[in-house]
Amino acid sequence: MSTDIAESTTRTLIAVDGEEHVEVEKRRGRAPMTPWARVRLILAHISIYVAAALFMLPLVYAFFSALKPNGEMFAMPPSLFGSEIRWSNFAEVFEFGPFWTYIGNSLFTSIAGTLVVIVVSTTAGYAFGRLRWKGRDAVFVLFLATLMVPAEVLVIPMFQVMQWFGWVNTYQSLIFPFAFGAFGTFLMRQFFRGIPYELEEAARVDGAGPVRTFLQIIVPLSKSAIAVLAVFTFLSFWNAYLWPLIVTVDYNTLGTLPVGLASFSGLTGTRWDLQMAASIISMIPTTILVIVLQKHLVKGIAMAGLGGR
Amino acid sequence: MTITNAPKRRSGSLAKVEARQALGFASPALVGLALFTIVPVVLSIVMSFFDWPTFGERTFNGGTNYLRLFEDPNFLPALRNTLVFTVLYVPLSVVLSLALAISLGPRIRGRGALRVLFFIPVVTPMVANVLVWKMLLQPQGLFNGLAQTWFGVELPNFLADKNWAMIMVVIMSVWQGIGYNMLIFSAALEQLPESVMEAARIDGARGFRMTWSIMVPMISPAIFFATIMTMITSLQVFVQPQMLTGGGPGNATQPLVMWIYNQGFKFQDLGLAAAGAWILFALIITVTAIQFKAQKRWVHYEH
């Protein structure tokens, strides 16, 4: 008797659950799941969450290490928390080195560089994508060919060019040399070509010149592409290391964040607590940027298939 | 008459106006490209044939720099290190990020958040990432600490051991770069036509079969693209070994770009550094060309 009840209850439970499931799946337009498929889905969830946790372990541990007293960084056995939680480490970073200067320099050069890239890429993209002129395609091929040259080949002669200009150890040298690459122009040209010509023709007929058509028709229609270009450009400037390392001499006034972080490592020697705090601080802005813009980033990568790294 | 005349007039004065305007639009890019890409490229070729110290006399020396490369005790090891890094890094990174993208299928809850999570190291400053790993890999760091307290095992000193240092550079690089390819693959997977997937499902394709025989071939253009880009960036690896091991122990993890950097900016021999950079460029072009040749065998494009 009791087994009967138990059996029937489980059956109804399964039925109810199954029905609910079918309904959910129907709403999503999918076939209902077999129990085995559901077990597999649960296992998939568990494994992906474990993988994600392991993946984040270095950053999480770094964060907690940044809160420890320096003497306990490498205590045995290792622990997440030290004997005290020192938020003051984060403040001390700013006293130890010219950390605000590094952040300021990174912000300034990244924003200025991004603005230059956007202006140059959109105007050139317009000329290549929507205006007719002799030799356009040949020049464009030359543009694309330069994409093949790795930055590492360029840094040596670029440093020489900077010496000729008298630009070594200046902001110009941090902003301009790598702001004229063909990538942005290529990206914008591709995007502009997809905009229907009728829109532009209508403006032209109404008497708007190319400058007005560009500013009032083309640019507003391309906001999302420009945003994607802006984010990738900003990130590449923000994280750049090799070129700033080469072209700045006086790190205390012109060092960008990555260069500053690296020199921090040399200066502080054993101050691992401050190094971790500084590293965590340097990660915050870009992490926020990614969280806020994640949908656009996915769209951008799908659209361009790339993104200047 | 008027009909045939109209386009002709267009290619007259109007076209000239448009060409002038186009030049105006394109000139910032053209000037920038000339100054900051064309001039350096030409200069680099010239420099590679000169004794070119950072300061002081420059003298033409023919192809001597290219010969000196192979006499330099660190150049061939650097070339080897770059190749070893690439051979280890590219397959690991591509396969793992593909597996990750496929696992993060539409049925996974919180896949958006998980994607962001795996993408974070891609955008955080590489130097910061490397510093974190450097702390973990210290002899008293987390990895060895846990191994000792949990299993009583003493791990090798990863960054000071000739054999382990390169492996750690690779592992750290995979960790930091995996999110980028994952996002490319995710974008490609999302664009798979539902009709094809449905057809495969009706034909009984499930699980591994579905993944290996349907999804992977269909996104093979994305895999091809990611492989090429990953290979190019890995041939240019610099920051990870520079910060993690300083190229050591000895020169065991010094890659080509670090060698170029050292020749140019530590030893002030810009000519030799430029010659080394051209060898790197030749290597990149060759490897990329081979990949394009080989793509016919495994990349499926829809036509």
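This is a predicted model: local features need pLDDT of at least 70, side-chain atom pairs count only at pLDDT 80 or more; totals for chains, interfaces and linings use all residues.
1. Phe178(A), at 32% relative accessibility, counts as partly exposed.

2. A search of the whole structure finds 45 aromatic pairs over all chains. One of them is formed by Phe178(A) and Trp243(A), in an edge-to-face arrangement with 5.5 Å centre to centre and 70 degrees between the planes. The pair links distant parts of the chain, 65 residues apart: Phe178(A) belongs to the loop between helix 7 (171-175) and helix 8 (182-193) of chain A, and Trp243(A) to helix 12 (residues 242-247) of chain A.

3. In chain B, the ring centres of Phe224(B) and Trp298(B) are 6.1 Å apart and the planes stand at 70 degrees, so this pair is edge-to-face. Phe224(B) lies in helix 10 (residues 220-235) and Trp298(B) in helix 13 (residues 270-298) of chain B, 74 residues apart. Phe224(B) is buried, at a relative accessible area of 6%, whereas Trp298(B) is partly exposed at 35%.

4. Helix 2 (residues 35-65) of chain A has 31 residues and should span 45 Å at 1.5 Å a residue; its end C-alpha atoms are 44 Å apart, which agrees. The helix has a kink of about 45 degrees at Leu57(A), shortly before the proline Pro58(A). Among its buried residues are Phe55(A), Met56(A) and Pro58(A).

5. Phe55(A) also forms one aromatic cluster with Phe118(B), Trp133(B), Phe143(B) and Trp175(B).

6. Two arginines of chain A sit over aromatic rings: Arg130(A) over the face of Tyr197(A), at 4.2 Å from the ring centre, and the charged end of Arg189(A) over the ring of Phe140(A), 4.1 Å from its centre.

Notes. Residues are numbered from 1 along each chain as its sequence is written. Chains are lettered from A and ligands numbered from 1 in the order in which they are written. Side-chain values use heavy atoms; hydrogens and water are left out. Helices (H or I, at least four residues) and strands (E, at least two) are DSSP runs, numbered from the N terminus. The expected span of a helix is 1.5 Å times one less than its number of residues. The bend at a residue is the angle between axes fitted to the seven residues ending there and the seven starting there. Buried means under 20% relative accessible area, exposed over 50%, partly exposed in between (1.4 Å probe, protein chains only). Rings of Phe, Tyr and Trp (its six-membered ring) pair if their centres lie within 6.5 Å; planes under 30 degrees apart count as stacked, over 60 as edge-to-face and the rest as tilted. A charge sits over a ring if NZ of Lys or CZ of Arg is within 6 Å of the ring centre and within 35 degrees of the ring normal.
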